[in-house]
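Hi,

Here is the structure I promised to pass on. Could you have a look at it and then read my notes below?

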Amino acid sequence: MGAGGQRRGIQSWWLALSLSVMLSCVERVSSQIKYSVPEEVKVGSVVGNVAKDLGLDISSLEERRFRIVSGTKDAQFEVNQNNGVLYVHKNIDREELCESVSPCLMNLKMVAENPMEIHYVGVEIIDVNDNSPSFKEEEKILEISESTVPGKRFQLPTAHDPDVVVNTVRVYKLNQNDYFNIQIRERGEDKIPFLVLQKSLDREKHNEHMLILTAVDGGNPPRSGTLNVTVVVLDSNDNHPTFSQEVYSVTVPENVDADTSVIKVKASDVDEGANGDIEYFFGGQLDLKIYEMFSLDKDTGEIRVKGEIDFEKADVYKLDVHATDKGHPPMSTDCSVIIKVLDKNDNKPLIEVTSLSNTVSEDSKTGTVVSLISITDQDSGFNGKVKCSLSNNVPFDLKPSFQDNMYSLVLKQHLDRESVSHYDITITATDYGEPPLSTFKTLSIQVSDVNDNIPEFSHSPLELYLTENNAPGASIFSVSAFDKDLYDNAVVSYRIIRGGGGHNDMASFININSENGDILSLKSFDFETLKTFQFQVVASDSGTPSLSSNVTVNVFILDQNDNAPVILYPVSSNGSAEGVEEIPRNVNAGHLVTKVRAYDADIGYNGWLLFSLQQVTDHSLFGLDRYTGQIRTLRSFTETDEAEHKLIILVKDNGNVSLSATATVVVKLVEPKEAFAASDVKSSAKDEEGTDVTFYLMITLGSVSVLFLISIIVLIAMQCSKTTDYTSKYLQETNYDGTLCHSIQYRSGEKRYMLVGPRMSIGSTIVPGSHANTLVLPDRRRGSGEVSHMYEFYC
């Protein structure tokens with residue numbers, strides 16, 4: 001194996017040993033982990049098991065999206081989510097990443113979610129000796145006067161090695177010769193080679209000397225680079241310029257204006273004439289950026305600002321300045337100028353949102369982490385220290401992390417989406433510089449809905465006024481409930497609470513559209529049978545779990561004029577409305593012949609009856625009261641008047657479409673003796689007839705609706721306790737105005753009757769089966785079946 005193979009074997013062994021030692025050096029500082037890895041290590045090499053060292057559950061790494069969110073450029077490292085191993089993802093070149101900075105430390109920010117955790121891992125890149133020293137020039141020519149005394153030193157160019165610490169240039173060697181040797185002078189961390197004259201030169205013997213300068217680094221194995229040095233022997237100028245000080249130091253603020261004077265260096269030469277004239281130059285080993293940042297006046301030695309001084313790019317500049325006289329050969333010397341840059345507060349803080357949950361559930365608990373926020377400022381000292389705050393009146397708070405300028409955005413109070421569904425949170429970061437600089441960033445957070453609101457009806461209870469004889473299957477009403485939630489949580493469905501299916505369960509005749517709340521009647525309702533009923537509607541949302549509320553719907557049946565008047569008297573034996581009345585010829589005007597009695601099952605104007613003479617043989621003899629149905633004589637009878645008269649009476653109600661019935665009364669005129677003899681017979685017949693009629697009336701009308709009688713009695717009782725006017729829910733409708741302008745009272749037997757319209761008087765009671773058209777007035781007087789008293793009321 002050759003020398004090159006041996007060196008490669010030794011180098012491989014050294015890298016393996018270094019990697020093993022450095023990977024074992026893991027320290028934990030403030031919950032941070034530090035690893036070491038040599039540069040140029042093989043891609044895929046393991047740096048360390050981050051999950052294990054952090055104490056994380058390896059089985060949940062992939063689910064928690066354990067990953068690197070910031071750190072090296074171009075992703076030098078990656079973490080395996082299956083086992084938590086941190087490995088090299090891309091070839092590592094320490095010189096490219098850190099240049100001459102030592103140690104070379106790469107900070108990795110690692111994040112795991114659910115719950116959110118952030119960790120900081122440091123990886124130190126260890127330098128390996130992979131670069132050889134090199135000189136900028138291939139050849140250096142020195143002109144040295146033969147008069148130069150031995151021991152004189154001449155500065156040679158320095159070699160540059162990108163490696164650091166032990167791997168950088170450590171020694172300079174000069175090839176074997178009789179006149180010169182090499183001497184190294186340390187200037188700070190730099191090693192400057194000087195060519196030292198050992199004995200006097202003799203230009204006549206040797207006018208030129210060819211030397212080889214070798215720079216060797218401290219690596220294992222070492223690397224080297226060479227420079228050809230040509231020494232031209234000249235005459236005379238035997239004094240070199242001397243600077244007033246070897247190292248100049250000055251401070252300059254960043255962002256200083258161009259052409260600002262920084263410092264003036266001064267060198268002197270004891271020679272005279274051209275040998276004492278000095279010119280100043282920058283050293284040839286300077287970085288090209290130095291020439292862009294500063295200028296040097298070659299005659300005065302004044303250094304001025306040329307470019308933009310930025311502390312964040314470089315906080316110190318090191319310049320080499322050469323002073324050369326104009327002698328032949330010229331002599332020169334050098335000095336170092338150190339320019340320190342003072343930081344100014346010229347950088348605003350930078351707000352970085354590491355992780356953000358754009359949507360927060362309204363039932364989230366206080367303390368829930370919404371976002372992780374990192375604040376950075378490129379300035380240093382107080383200029384780089386930042387305070388952070390939130391906008392006012394938001395239910396969130398910023399809590400600082402263990403590391404400076406790291407914050408968690410947490411929920412500090414309960415949310416209510418129905419009150420506020422969206423938050424724009426402004427984060428303000430302000431540094432402590434003079435003057436302070438601020439940065440603003442707005443986070444948009446949406447509050448998601450949960451099913452926490454029940455459907456609500458606009459009114460409770462609801463009242464439905466339904467006209468009787470409605471068409472079965474048609475819509476009669478619509479209910480609607482509103483839910484403040486969103487989406488499925490606000491989708492409302494409707495249903496009716498069904499009872500036990502009894503006789504009084506009207507809900508079985510009602511149906512509802514579950515989607516829109518339309519209520520359908522499955523039957524036609526009859527006011528004379530049913531006045532009012534109620535049912536309950538339940539509104540349920542589609543959330544999980546579902547929430548619901550119910551409302552009571554009170555249904556009031558409104559009367560229609562669907563019942564024709566019924567003639568109670570006269571009624572003949574065959575059931576027709578026809579009767580015969582006998583009166584004496586000698587009666588005076590105003591004599592009561594008879595009274596036509598009728599009733600209507602409807603109420604209000606629909607049950608208010610009016611009487612009129614439809615046909616009469618002699619209009620001058622008889623008159624009919626249109627409200628009471630009483631037939632009276634208009635004049636006394638004469639001998640020429642016929643003995644029998646036929647009257648046809650029309651009875652009609654006051655509905656919008658009037659319904660009617662007719663009764664026929666035949667009046668016979670008899671002599672007074674016959675009339676008096678027949679009066680006893682008729683009186684007893686009337687008593688029996690009145691009893692039969694009353695019994696018939698009770699049976700017929702009492703069977704109409706027991707519920708109606710109870711409701712009317714309750715309403716009258718309530719009215720008697722409140723006001724003298726009888727009121728009802730039905731009177732609020734526009735079908736009738738509820739005003740009765742005329743009423744008739746009369747007595748028959750032991751009972752007093754009153755024909756009324758919608759409004760009743762205090763203390764009256766309902767005759768069973770009368771349907772609110774006939775009232776019985778309390779009276780303690782008892783008498784025969786004849787009408788004993790008449791009462792007329794006019795509005």
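Where is the place of Asn 470? Asn 470 is in the loop between strand 34 (462–467) and strand 35 (475–478). Strands here are DSSP runs of E with at least two residues, helices are runs of H or I with at least four, and both are numbered from the N terminus.

Before I go on, a word on the ground rules. This is a predicted model, in which local features need pLDDT of at least 70 and side-chain atom pairs count only at pLDDT 80 or more, while totals for chains, interfaces and linings use all residues. Residues are numbered from 1 along each chain as its sequence is written, and side-chain values use heavy atoms, with hydrogens and water left out.

Asn 470 counts as buried, because its relative accessibility is 9% (buried is under 20% relative accessible area, exposed over 50%, partly exposed in between, with a 1.4 Å probe and protein chains only). Its side chain reaches the backbone oxygen of Lys 523 at 3.2 Å. Setting aside residues up to four places away in sequence, Asn 470 touches Ile 476, Ser 521, Lys 523, Ser 524 and Phe 525 (contact means heavy atoms within 4.5 Å).

Next, Glu 113. You'll find it in the loop between strand 7 (104–112) and strand 8 (117–126). With a relative accessible area of 14%, Glu 113 is buried. Its contacts, leaving out neighbours within four places in sequence, are Arg 64, Arg 65, Arg 67 and Ser 355. The side chain of Glu 113 makes a polar contact with the side chain of Arg 67 at 3.2 Å (a pair of N or O atoms within 3.5 Å; within protein, one must be able to donate a hydrogen and the other to accept it, and residues adjacent in sequence count only if both atoms are side-chain atoms). Glu 113 is also linked with Arg 65 and Arg 67 in a network of salt bridges (a side-chain nitrogen of Lys or Arg within 4 Å of a carboxyl oxygen of Asp or Glu). As for Leu 61, it lies 52 residues from Glu 113 along the chain, and their C-alpha atoms are separated by 9.0 Å.

On to the other charged pairs. Side chains of opposite charge can pair when their charged atoms come close. How many salt bridges does the count come to? The count is 14.

- Glu 124 and Lys 34 meet through their side chains at 3.7 Å, N to O. This pair links distant parts of the chain, with Glu 124 in strand 8 and Lys 34 in strand 2 (residues 32–38), 90 residues apart. Glu 124 counts as buried at 17% relative accessibility, whereas Lys 34 counts as partly exposed at 28%.
- Arg 635 and Asp 618 form a salt bridge at 3.6 Å, N to O. They too link distant parts of the chain, 17 residues apart: Arg 635 is in the loop between strand 48 (630–633) and strand 49 (644–652), and Asp 618 is in the loop between strand 46 (610–616) and strand 47 (622–624). Arg 635 is partly exposed at 25%, and Asp 618 is partly exposed at 21%.
- Glu 302 and Arg 304 have side chains that meet at 3.4 Å, N to O. Glu 302 counts as buried at 18% relative accessibility, while Arg 304 is partly exposed, with a relative accessible area of 28%.

Val 353 and Leu 372 are 19 residues apart in sequence, with 6.1 Å between their C-alpha atoms. Beyond residues up to four places away in sequence, Val 353 touches Ser 371, Leu 372, Lys 441 and Leu 443.

What about the cysteines? A search of the whole structure finds 0 disulfides (a pair of cysteine sulfur atoms within 2.5 Å). Cys 335 is buried, with a relative accessible area of 0%, and Cys 388 is buried at 18%.

Last stop, helix 6 (residues 706–722), where you'll find Met 718. Met 718 is partly exposed, because its relative accessible area is 39%.

Cheers
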